[in-house]
Amino acid sequence: MIKLQVKVISWLFIILTAFLCVPQIESINTNFLELAAFEDFLRSQHLSQVLVVRDGDADGDWHVECHQKLLSNYRVQFYRPGMSGNFEDLMFYGSPRTAVLVLNFRHILVGQHVLRAASEAGYFNNSLAWFILGPSSESQPDERLIEEHFSGYSMGIDADITVVLRRQDNISWLLYDVYRISSQLSTPLIIEKKGQWSAAGGYQLLDNYKNTWVIRRRNFGQITLQGSTVLTEKPPGFDDMAYLADESHLQERDPMQRKNYQLFRLIESMYNLSLAISFTDKWGELLDNGSWSGVMGLVLSGAADFAVSPMRFVVDRQPYIQYSAVLHTQDIHFIFRHPRHSHIRNIFFEPLSIQVWWCVVALITGSTLLLLLHVQQERRLQRSLVESRLSFVWFSILETYLQQGPNTDVFRLFSTRILISFSCIFSFMLMQFYGAFIVGSLLSESPRSIVSLQDLYDSNMVLGMENISYNFAMFTNTSNQLVKKVFAEKICEHNIMTLQQGADRVIQGRFAFHTAIDRIYRLLKDLHMDEGEFCELQEIRFNPTYTTGSVMPKGSPWREHIAHALLHLHATGLKRYNDKKWIVRRPDCSLYKASKADVDLEHFAPALFTLVLAIMGSAVVFMLELLVHWLPDLRRRLRAMST
């Protein structure tokens with residue numbers, strides 16, 4: 001009887017224990033499935049940094065086992081709402097991308113201390129991958145449930161929020177992607193089905209979620225973004241937007257800003273958005289009170305989402321903003337019309353070296369003396385009526401070397417004719433080589449002697465620069481002592497001028513101007529600089545080509561979309577096409593040199609100078625001859641008057 005009672009009591013205890021433990025076992029299995037789903041999420045996102053937000057209601061052995069499994073594979077932090085530390089204290093700028101596991105978004109403390117804090121601090125962005133769990137509701141659709149709990153939170157287009165709703169079977173979950181186009185609460189919350197997870201099928205995403213989030217979220221729904229640009233050369237009477245959008249006229253004015261605005265117009269159509277432009281006349285300088293002026297000030301104050309005008313990569317700006325990919329490359333260096341020669345040279349002496357010229361002089365002198373002996377012999381033998389004066393010999397030898405030749409009846413001796421004949425042959429060879437060298441030197445391009453900054457500094461050219469902010473930075477923020485000397489000794493303050501003034505002086509010559517090359521070429525073309533003058537232009541580069549990009553606040557939600565758009569424009573050739581429209585076509589100077597060769601005054605001056613000296617010498621001798629001729633008559637008259 002006792003054994004029967006014991007058996008009955010034992011069975012009742014076993015049945016009661018089984019009945020009470022079924023929900024707990026089911027809960028433990030459910031929690032382990034949630035952990036498995038989260039691990040699949042981590043693998044799909046390639047993340048190793050984890051932050052676990054516990055709801056604080058239940059804490060048992062399953063937590064310990066889950067924590068041990070996470071800690072064995074990932075770097076894990078834990079946070080429980082209501083603990084002494086704040087949720088935002090766990091985040092810092094530049095930290096590795098972290099996955100945040102929220103076990104129950106419907107818990108009141110989770111909403112207050114985690115989701116609300118993340119919304120206010122701006123942590124619903126791409127730096128954190130949120131995996132937010134919660135039960136579904138039978139009374140309302142999933143989208144309505146998600147909107148009810150998340151519509152009050154601020155998030156942007158770069159938000160990576162996956163809301164996971166558990167189905168009624170407790171073995172599968174539906175995944176939803178949640179974000180807004182703009183962080184403003186007035187923009188609608190977008191909820192898209194992302195996929196599902198189950199113990200049998202694992203982490204299953206829809207086909208469009210195999211692309212990056214930037215490609216998926218390319219439709220901005222015609223929202224208006226604020227851009228900022230600087231205009232410093234707009235002529236009076238022009239509308240700001242009309243001037244900025246014009247890509248055909250006045251291309252030498254504000255070319256960087258206007259060229260890059262064309263790229264942002266392509267980005268407008270790519271993402272279905274509109275741009276509102278704020279204009280300023282300054283790029284951006286750090287003021288004494290710690291604020292920034294110009295484009296930098298508009299971006300940092302939130303008045304502009306990003307800069308439409310390209311901004312130089314400057315170290316001083318880096319702590320305040322972040323840059324986009326490269327928008328524009330700019331060549332800035334000296335440009336001038338290179339003198340055809342570094343000094344006036346006598347081209348008539350160039351074909352022969354000094355030694356050869358002395359040999360020619362010696363041969364002419366020797367042949368002249370030899371001809372003088374031949375003339376005397378001719379007169380002694382009385383075979384010809386030649387003059388014995390030295391002048392006759394001199395002019396005869398000149399006729400020989402100038403290939404005119406004396407009369408054949410003048411000289412009868414065979415030896416004299418041999419001397420005249422071989423002198424003519426030598427003169428012919430010398431003149432052919434001499435003339436061919438001069439013509440070839442005129443047709444070929446003369447070597448340029450000013451090819452470096454040191455050459456420019458040592459030359460007698462006047463140096464100047466455009467009055468624009470980046471020029472001052474290039475000459476002052478450098479450790480190159482030669483650059484500092486050029487600025488201090490050659491440019492000074494009186495040679496800092498506008499682009500128009502610099503272009504006028506470049507055309508005049510003997511002036512080197514430091515400015516943006518694309519702008520000066522465009523202006524020189526508009527000033528009708530001829531082809532020959534264009535081919536004389538020389539550039540001196542002492543600093544590398546600098547690159548520019550757009551600027552935006554740190555953590556900007558538009559950074560990835562702008563980077564993707566610029567990469568797309570570059571890959572499709574649209575960026576190159578836009579750049580080509582703003583480049584000035586330069587003439588082919590090789591064809592110009594081959595088609596035209598001028599003998600200018602610089603080359604012909606020695607011959608003219610020699611002729612002038614000869615005329616002046618002849619005039620002086622003529623006056624002396626007149627004086628010698630009149631001197632006897634003058635003496636006779638003076639004697640007659642004295643008697």
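Let's start with Ser 119. At 9% relative accessibility, this serine counts as buried, because the cut-off is under 20%. Keep in mind that this is a predicted model.

Where is Ser 119 found? Helix H3, residues 108-121. What does the side chain of Ser 119 reach? The backbone nitrogen of Ser 154, at 2.6 Å. Leaving out residues up to four places away in sequence, Ser 119 touches Phe 124, Tyr 153 and Ser 154.

Now the cores. In soluble globular proteins, nonpolar side chains tend to be buried together. Here the largest nonpolar core has 59 residues. Phe 87, Leu 115 and Trp 130 have the most contacts inside it. Helix H7 gives this core its largest share, 6 residues. A second core is separate and has 23 residues, including Phe 38, Tyr 74, Leu 103 and Val 164.

Back to Phe 87. Set aside its neighbours within four places in sequence. Phe 87 is then in contact with Leu 51, Val 53, Tyr 79, His 113, Val 114, Ala 118, Tyr 123 and Trp 130.

Next, the sheet. Three strands form an open sheet, in the order S10-S9-S11, and the pairing is parallel. Strands S10 (274-280) and S11 (306-307) stand at the edges. Each has a single partner strand, so one side of each is left without a neighbour in the sheet. S9, residues 224-230, pairs with S11 over 2 bridges, in the parallel sense. Ser 228 has Ala 307 in S11 as its bridge partner.

Last, helix H7, residues 255-271. H7 lies across S9, S10 and S11. Against S10, H7 runs at about 160°.

Terms used:
Residues numbered from 1 in each chain as written. Predicted model: local features only at pLDDT ≥ 70, side-chain atom pairs only at ≥ 80, totals over all residues. Heavy atoms only, no water. Pairing = 2+ DSSP bridges. Helix = DSSP H or I, 4+ residues; strand = E, 2+ residues; numbered from the N terminus. Contact = heavy atoms within 4.5 Å. Axes fitted to C-alpha atoms, helices over the stretch in contact; angles between N-to-C directions. Core = buried A, V, L, I, M, F, W, Y, C linked by side-chain atoms within 4.5 Å. Buried < 20%, exposed > 50% of the residue type's maximum accessible area, 1.4 Å probe, protein only. Polar contact = N/O pair within 3.5 Å; in protein donor to acceptor, adjacent residues only side chain to side chain.
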